[in-house]
Amino acid sequence: MSHLGYLIAGWAFGIGVPGIYAIFVLRRGRKLSAEVPVERQRWISSGEE
Amino acid sequence: MKIKFKEVKEGRFNATSSRSTRFLGFCLALGIPTLILFAFVFSPKDDTMEDAVRLLYIHVPVAIFSYVAFGITAIGSICYLWKQSRWWDTTAHASAEIGVIFSALTLITGSIWGRPTWNTWWEWGDVRLVTTLVMFLMFVGYLALRQVPAQPQIRAKRAAIVGIIGTINIPIVNRSVEWWENSTLHQQSSLTDGNLEDLTLFTWFLGTLILGIAYLWLMIHRFRVGWLASEHEALGYGAAIEERQAEAGIQTAIASEYREEGEIE
């Protein structure tokens with residue numbers, strides 16, 4: 001396969017960057033939901049489950 | 001004042017997840033390996049680009065969903081100015097943040113693709129590269145503006161105006177290869193000309209579908225985080241007002257005491 005280094009780098013960024021961002025968002029959500037009362041968590045469904 | 005509600009959340013996998021996000025996450029867990037398999041194994045290499053074409057199965061979908069994300073920011077911004085609803089402001093903010101990530105990825109993956117294909121990482125004379133960079137920087141500015149301390153309503157209004165202005169750039173980026181065809185290395189759209197092989201086209205569609213699901217998954221989580229952040233901020237304001245009122249109450253009591261002492265003397 002030609003250009004393998006470029007392919008690996010491109011796909012690593014393409015999957016890795018959104019993956020890292022997703023972890024950041026999930027962690028921030030967990031932290032904030034621990035500090036906001038459940039009755040004020042409208043639109044956040046886990047409080048209702 | 002810091003209120004902790006950790007006990008309420010104990011035993012939960014994640015605070016912003018729900019049945020819909022878990023379903024989307026499951027689709028992504030299946031879809032991403034399938035896309036990699038099609039991109040690297042099943043799809044054929046291109047006659048001119050050779051294997052570098054496999055980078056386009058991620059580059060083109062992230063570019064499309066950066067437009068979608070900024071488009072949603074514009075809709076959210078317009079609706080905020082119209083309805084003054086926090087829901088729309090939170091939507092616009094969430095989508096802009098994801099759009100900036102996707103826009104940065106468009107530039108990075110495009111640059112990595114450009115090196116083996118055009119023999120350059122970056123070309124300042126290419127109108128699409130430069131307009132995409134301008135779009136990226138405008139929305140970085142949008143996010144920076146949201147960090148400027150201000151009343152939530154004033155901040156949302158300022159951001160909405162910038163969000164709408166920034167979106168004007170989307171059709172310019174998209175149409176730039178046709179409007180300035182002599183000032184770009186990019187080719188015009190080849191998706192609809194019928195020259196692509198079936199597997200190439202299928203892999204591209206699969207990549208677009210997976211990126212669409214990823215955008216939706218990120219959007220739901222990021223919206224919920226934004227909503228929680230605004231509630232958290234409101235709690236902070238409430239606590240600050242209570243503290244001020246308490247301080248004012250103490251000061252009034254001290255002042256009246258002084259007054260009473262003065263009257264006695």
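The model is predicted, so local features are described only at pLDDT of at least 70 and side-chain atom pairs count only at pLDDT 80 or more, while totals for chains, interfaces and linings use all residues. Residues are numbered from 1 along each chain as its sequence is written, and chains are lettered from A, with ligands numbered from 1, in the order in which they are written.

**Chain A**

- Chain A has one helix and zero strands; helices (H or I, at least four residues) and strands (E, at least two) are DSSP runs, numbered from the N terminus.
- Helix 1 of chain A covers residues 4-33, which makes 30 residues. Its end C-alpha atoms are 43 Å apart, which agrees with the 44 Å that it should span at 1.5 Å a residue. The expected span is 1.5 Å times one less than the number of residues.
- Of the 49 residues in chain A, 35% are buried. A residue is buried if 20 or more other C-beta atoms lie within 10 Å of its own, exposed if 12 or fewer, and partly exposed in between, with C-beta atoms placed from the backbone.
- The buried residues in helix 1 of chain A include A:Tyr6, A:Trp11, A:Pro18 and A:Arg30.

**Where the two chains meet**

- On the chain B side, 41 residues are in contact with 33 residues of chain A. Two residues are in contact if their C-beta atoms, placed from the backbone, lie within 7 Å.
- Helix 1 (6-9), helix 3 (56-83), helix 4 (86-118) and helix 8 (198-264) of chain B each supply at least two residues of the side that touches chain A.
- Helix 8 of chain B gives the largest share of that side, 12 residues.
- Sorted by class, the side of chain B that touches chain A holds 22 nonpolar, seven polar and 12 charged residues. Here Ala, Val, Leu, Ile, Met, Phe, Trp, Tyr, Cys and Pro count as nonpolar, Asp, Glu, Lys and Arg as charged, and the others, Gly among them, as polar.

**The nonpolar core**

- The largest nonpolar core has 60 residues. Such a core is a set of buried Ala, Val, Leu, Ile, Met, Phe, Trp, Tyr and Cys residues joined through C-beta atoms within 7 Å.
- Two or more residues of this core come from each of helix 1 of chain A and helix 2, helix 3, helix 4, helix 5, helix 6 and helix 8 of chain B.
- Helix 3 of chain B provides the largest share of the core, 13 residues.
- B:Leu55, B:Ile98, B:Phe139 and B:Tyr215 have the most contacts inside the core.
- Leaving out residues up to four places away in sequence, B:Tyr215 touches B:Phe65, B:Val68, B:Ala69 and B:Ile98.

**Helices packing in chain B**

- Helix 4 and helix 5 of chain B pack at an angle of about 145°, with their axes 9 Å apart. Axes are lines fitted to C-alpha atoms, for helices over the stretch in contact, and angles run from 0 to 180 degrees between N-to-C directions.
- Among the residues that meet there are B:His93 and B:Val100 in helix 4 of chain B, and B:Phe136 and B:Phe139 in helix 5 of chain B.
- The residues of this contact divide into 11 nonpolar, five polar and two charged.
- Helix 6 of chain B (residues 152-167) has buried residues including B:Ala156, B:Val162 and B:Gly166.
- The buried residues of helix 6 of chain B pack against helix 3, helix 4, helix 5 (127-146) and helix 7 (169-179) of chain B.
- B:Arg155 lies in helix 6 of chain B and is partly exposed, because it has 17 C-beta neighbours inside 10 Å.

**Loop residues to look at**

- Most residues other than glycine have a negative phi.
- B:Glu50 is not a glycine, but has a positive phi of about 55°. B:Glu50 sits in the loop between helix 2 (19-42) and helix 3 of chain B, and counts as partly exposed because it has 14 C-beta neighbours inside 10 Å.
- B:Gln84, although not a glycine, has a positive phi of about 55°. B:Gln84 is found in the loop between helix 3 and helix 4 of chain B.
- B:Lys45 is placed in the loop between helix 2 and helix 3 of chain B. Apart from neighbours within four places in sequence, B:Lys45 is in contact with B:Glu50, B:Asp51 and B:Val53.
- The C-alpha atoms of B:Lys45 and B:Gln84 are separated by 51 Å, and these residues are 39 residues apart along the chain.
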